[in-house]
Amino acid sequence: MKISGFISALFIITISANIFSQSIDFLITADGSKKPISPYIYGTNQLLTEEENWTAMRQGGNRLTGYNWENNASNAGTDWINSSDNFLTWIAGIQNENEPGIVTTTFRNKSIELNAYSLITLQLAGYVARDKSGAVTENQTAPSLRWRSVQFEKGSAFSLQPDTSDSFVYLDEYVNFLVDRFGMANTSNGIKGYSLDNEPGLWISTHPRIHPLQARCVEMVQKAIGVSTAVKNVDPYLEIFGPVLYGFNAYYDFQSAADWDSVKAGTNYQWFIDYYLDQMRLAEISSGKRLLDVLDIHWYPEARGDNRITETNANTTADKLARVQAPRTLWDNNYTENSWIGQWFGAYLPLIPRLKESIDEFYPGTKLAFTEFSYGGENDITGAIAMADVLGIFGKYDVYLGTYWQLDSPSNYISAAYKIYRNYDGNNSTFGDNSVPSVTSDSVSTSVYGSVDDTGNEIHLIVINKKLNESVNGNFS
């Protein structure tokens, strides 16, 4: 093994080591071109053990669509009998559940403690929970007395003690409340990121009491422009994440939105993402300010062995083999996953390069975030292999932010994958800040990720063996 410079850490991740196989060549160009790794790719939606040294935290999920910051009521949607209740304060152990914004201020205080980027959800579906009285019946669908209407702009003086007796909740007042508490986004404690709700393509199924009709393409752009303008008038330094799409069908035609055919007619839009980016670019020209900073998507792979790899029963040998290969869908032109996406929509894969093509064509300068993702296998070594591979890919291919979503508990293998990058010695020692060119002669069996720190004196390598029952002999240069 020949590597110029001091080797600070070399990790070999292997599933097992029973049979010695052929040699594989790894080339790391440590003195060549390097590019910064975004510090925010090592994030989460759940804290796990809190030993992962998280760099970003997201306050998101279905519960946040109906969250009322004025009294901390929220609605579960179809996750639980369309219940409006105090779940968000209860799950966080918050005592003073009626204090305005306490769900978010508690969340932000925790991320400050962890020195993590905060991503907060703004409510775009139209209504939020008015009360904590339990199940909302079909005949109480919004608008009704069970809901408050969401307004993007208050149009009058803000209050730090919002009026809970009226029929409205104001999002610019919400952001003003948080700026008053923590400072603007360009300060050390200020909240940096705000996402435009959660998975709007699924509102008709996840939140039928709030948004009982299928969301439309034009609706989402208009709402994005309206809320982004309103909150950036309060804090011009914050970053807007949108449109928070749940998966490929939302990327493609916004879940078969009724107006998709009309908005793409006469254009070169290949999928909804193109339309959304282009409309937000045009909005910047009209408004004089950038209204979308980060393209925000969710990614739960459809790849299959005997089962879809994210399912809890995906534990067969075929499932495990599919899981460790599935990260290649993010970057590898030579790989086609076993899925309906791989079969019918190969032109949109590999995913990260395809997303960046859309960004470059329709809204240059937009960053990319995966604010929910999981590859399953959270209690199997193949889950750790896949996650370690994905984190390396995020760093290598310029992803701005990534926040893992826990599908199974206790997720010890996922925790271990993050620690390899963020706390490999128990003292919060980390993978380097800059990616360096790193190549394997066999990307089917292995992956390699190299980094250097800012001083250039330390080289860190993460080398992954994706074989189920063979070790790998590596030649390093």
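Mentor: A cavity here is a set of grid points where a 1.4 Å probe fits but cannot get out. Please keep in mind throughout that this is a predicted model.

Trainee: Which element supplies the largest share of the lining of the largest cavity?

Mentor: The lining of the largest cavity is made up of 14 residues, and those nearest its centre are Gly392, Lys396, Phe431, Ser435 and Tyr449. Two or more lining residues come from each of helix H12 (381-396), strand E18 (434-436) and strand E20 (446-452). By class, the lining of the largest cavity divides into eight nonpolar, five polar and one charged. The largest share, four residues, is supplied by H12.

Trainee: Turning to the open spaces, which element gives the most to the lining of the largest pocket?

Mentor: The largest pocket has a volume of about 730 Å³, and it is lined by 26 residues, with Asn45, Gly60, Leu88, Ile91 and Phe107 nearest its centre. The elements that contribute two or more residues to this lining are strand E5 (56-58), helix H1 (87-91) and helix H2 (102-113). The element that gives the most, with four residues, is H2.

Trainee: How many residues of the lining of the largest pocket are nonpolar, polar and charged?

Mentor: Sorted by class, the lining of the largest pocket has four charged residues and eight polar ones, while the nonpolar residues number 14.

Trainee: Which elements each supply at least two residues of the lining of the second largest pocket?

Mentor: The second largest pocket holds about 400 Å³ of space. It is lined by 21 residues, and the closest to its centre are Glu199, Leu202, Tyr246, Tyr300 and Glu372. By class, this lining has nine nonpolar, seven polar and five charged residues. The elements that each supply at least two residues are helix H6 (248-253) and H10.

Trainee: Is Asp332 buried or exposed?

Mentor: Asp332 sits in the loop between helix H9 (317-325) and helix H10 (340-344), and once neighbours within four places in sequence are left aside, Asp332 is in contact with Pro350 and Ser443. The side chain of Asp332 also reaches the backbone nitrogen of Asn334 at 2.8 Å. Because buried means under 20% relative accessible area, Asp332, at 4%, counts as buried.

Trainee: Which residues does Tyr335 touch, not counting those up to four places away in sequence?

Mentor: Tyr335 is likewise found in the loop between H9 and H10, and it is buried, with a relative accessible area of 17%. The C-alpha atom of Tyr335 is separated by 46 Å from that of Asp85, which is 250 residues apart along the chain. Beyond its sequence neighbours, Tyr335 touches Ala322, Gln325, Ala326, Arg328 and Thr329.

Trainee: In the open sheet of three strands, what is the order of the strands, and which are the edge strands?

Mentor: The open sheet has the order E6-E7-E10, with antiparallel pairing. Strand E7 (residues 83-85) is joined to E10 by two bridges, and Ser83 stands opposite Ala135 in E10. Each edge strand pairs on one side only, and the edge strands are strand E6 (74-75) and strand E10 (134-135).

Trainee: What is the omega of the cis peptide bond that joins Ser409 and Pro410?

Mentor: Most peptide bonds are trans. The peptide bond from Gly242 to Pro243 is cis, with omega near 0°, and Pro243 is found in strand E14 (residues 239-245). Pro410 lies in the loop between strand E17 (401-404) and helix H13 (412-422), and for the cis bond joining Ser409 and Pro410 omega is about 15°.

Trainee: Is Asn115 buried or exposed?

Mentor: Asn115 has a positive phi of about 55° although it is not a glycine, and its place is in the loop between H2 and strand E8 (117-122). Since exposed means over 50% relative accessible area, Asn115, with 69%, is exposed.

Methods. Residues are numbered from 1 along each chain as its sequence is written. This is a predicted model: local features need pLDDT of at least 70, side-chain atom pairs count only at pLDDT 80 or more; totals for chains, interfaces and linings use all residues. Side-chain values use heavy atoms; hydrogens and water are left out. Buried means under 20% relative accessible area, exposed over 50%, partly exposed in between (1.4 Å probe, protein chains only). A polar contact is a pair of N or O atoms within 3.5 Å; within protein, one must be able to donate a hydrogen and the other to accept it, and residues adjacent in sequence count only if both atoms are side-chain atoms. Contact means heavy atoms within 4.5 Å. Two strands pair if DSSP finds at least two bridges between them. On a 1 Å grid over the protein atoms alone, a cavity is a set of points where a 1.4 Å probe fits but cannot get out, and a pocket is an open set with protein on both sides within 12 Å along at least five of seven lines; lining residues have an atom within 4 Å of a point. Grid points are joined across faces, edges and corners, and a volume is the space filled by probe spheres set on the points. Ala, Val, Leu, Ile, Met, Phe, Trp, Tyr, Cys and Pro count as nonpolar, Asp, Glu, Lys and Arg as charged, and the others, Gly among them, as polar.
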